[in-house]
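User: Hi! Could you walk me through this structure? I'd like to start with the strands and then look at the side chains.

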Amino acid sequence: MSRASPFGHPFLLGFDEIEQTLDRIAKATSDGYPPYNIERLPRTAEAPERLRIMLAVAGFTPEQLEIHVEENQLVVRGRQIEDKTRQFLHRGIAARQFQRTFLLAEGMEVLGADLSNGLLSIDLARPEPARIARRIEIVSRD
């Protein structure tokens with residue numbers, strides 16, 4: 001049985017990538033760690049409208065965190081190394097690794113990242129697209 005695609009309409013041309021992206025997102029699974037927020041920051045005189053991703057990464061140092069943009073994905077990785085010299089009587093906070101991936105729209109730009117009080121903030125901006133209108137000449141082949 002085939003699934004009906006919302007992009008199968010003949011007027012929707014060139015939307016194959018969007019459909020593939022939606023399928024990939026639907027299949028992606030995540031354990032929910034680390035928890036995160038996504039916030040919209042309003043436009044100011046100095047800065048365009050921005051998005052801020054905040055991940056709760058308590059216990060991680062900046063050296064244990066990596067942020068990469070790979071193609072159109074923002075990938076955040078955290079790696080804590082087990083300290084074998086410490087002897088715990090109770091271990092409720094595990095040293096764990098994570099990878100959290102965010103799919104970015106075309107043109108999204110990562111402005112920077114900041115780690116403060118156990119929260120990793122990553123700011124993103126989307127440049128205003130140029131509005132382009134042009135006339136297409138019709139060639140007669142008589």
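Analyst: Happy to. Keep in mind that this is a predicted model.

User: How many bridges do strand 3 and strand 4 have?

Analyst: Six bridges, in the antiparallel sense. As one example, L65 has G78 of strand 4 as its bridge partner.

User: OK, switching to the core. Which residues touch the most other members of the largest nonpolar core?

Analyst: I53, V57, L74, L120 and I122, out of 14 residues in that core. Strand 2 (50-56), strand 4 (73-78), strand 5 (98-103) and strand 7 (119-125) each supply at least two residues.

User: And which strand gives the most?

Analyst: That's strand 7, with three residues.

User: What is I122 in contact with, leaving aside its neighbours within four places in sequence?

Analyst: Its contacts are L51, R52, I53, L55, I67, L74, V76, V110, G112 and A113.

User: Nice. Now aromatics: how many pairs does a search of the whole structure find?

Analyst: Three aromatic pairs. In one of them, the ring centres of Y36 and F102 are 5.2 Å apart and the planes are at 90 degrees, so this pair is edge-to-face. Y36 sits in strand 1 (residues 36-41) and F102 in strand 5, so the pair links distant parts of the chain, 66 residues apart.

User: What about F60 and F98?

Analyst: They are edge-to-face too, because their planes are at 85 degrees, with the centres 5.3 Å apart. F60 lies in the loop between strand 2 and strand 3 (65-70), while F98 is in strand 5, so the pair ties together parts that are 38 residues apart in sequence. Both F60 and F98 are buried.

User: Which residues form an aromatic cluster?

Analyst: F60 and F98 form one together with Y33.

User: Last one: where does the charged end of R96 sit?

Analyst: Over the ring of Y33, 3.8 Å from its centre. There's also R91, which lies over the face of F88 at 4.4 Å from the ring centre.

How values were computed:
Residues numbered from 1 in each chain as written. Predicted model: local features only at pLDDT ≥ 70, side-chain atom pairs only at ≥ 80, totals over all residues. Heavy atoms only, no water. Core = buried A, V, L, I, M, F, W, Y, C linked by side-chain atoms within 4.5 Å. Buried < 20%, exposed > 50% of the residue type's maximum accessible area, 1.4 Å probe, protein only. Helix = DSSP H or I, 4+ residues; strand = E, 2+ residues; numbered from the N terminus. Contact = heavy atoms within 4.5 Å. Phe/Tyr/Trp six-rings, centres within 6.5 Å; stacked < 30°, edge-to-face > 60°. Lys NZ or Arg CZ within 6 Å of the ring centre and 35° of its normal. Pairing = 2+ DSSP bridges.
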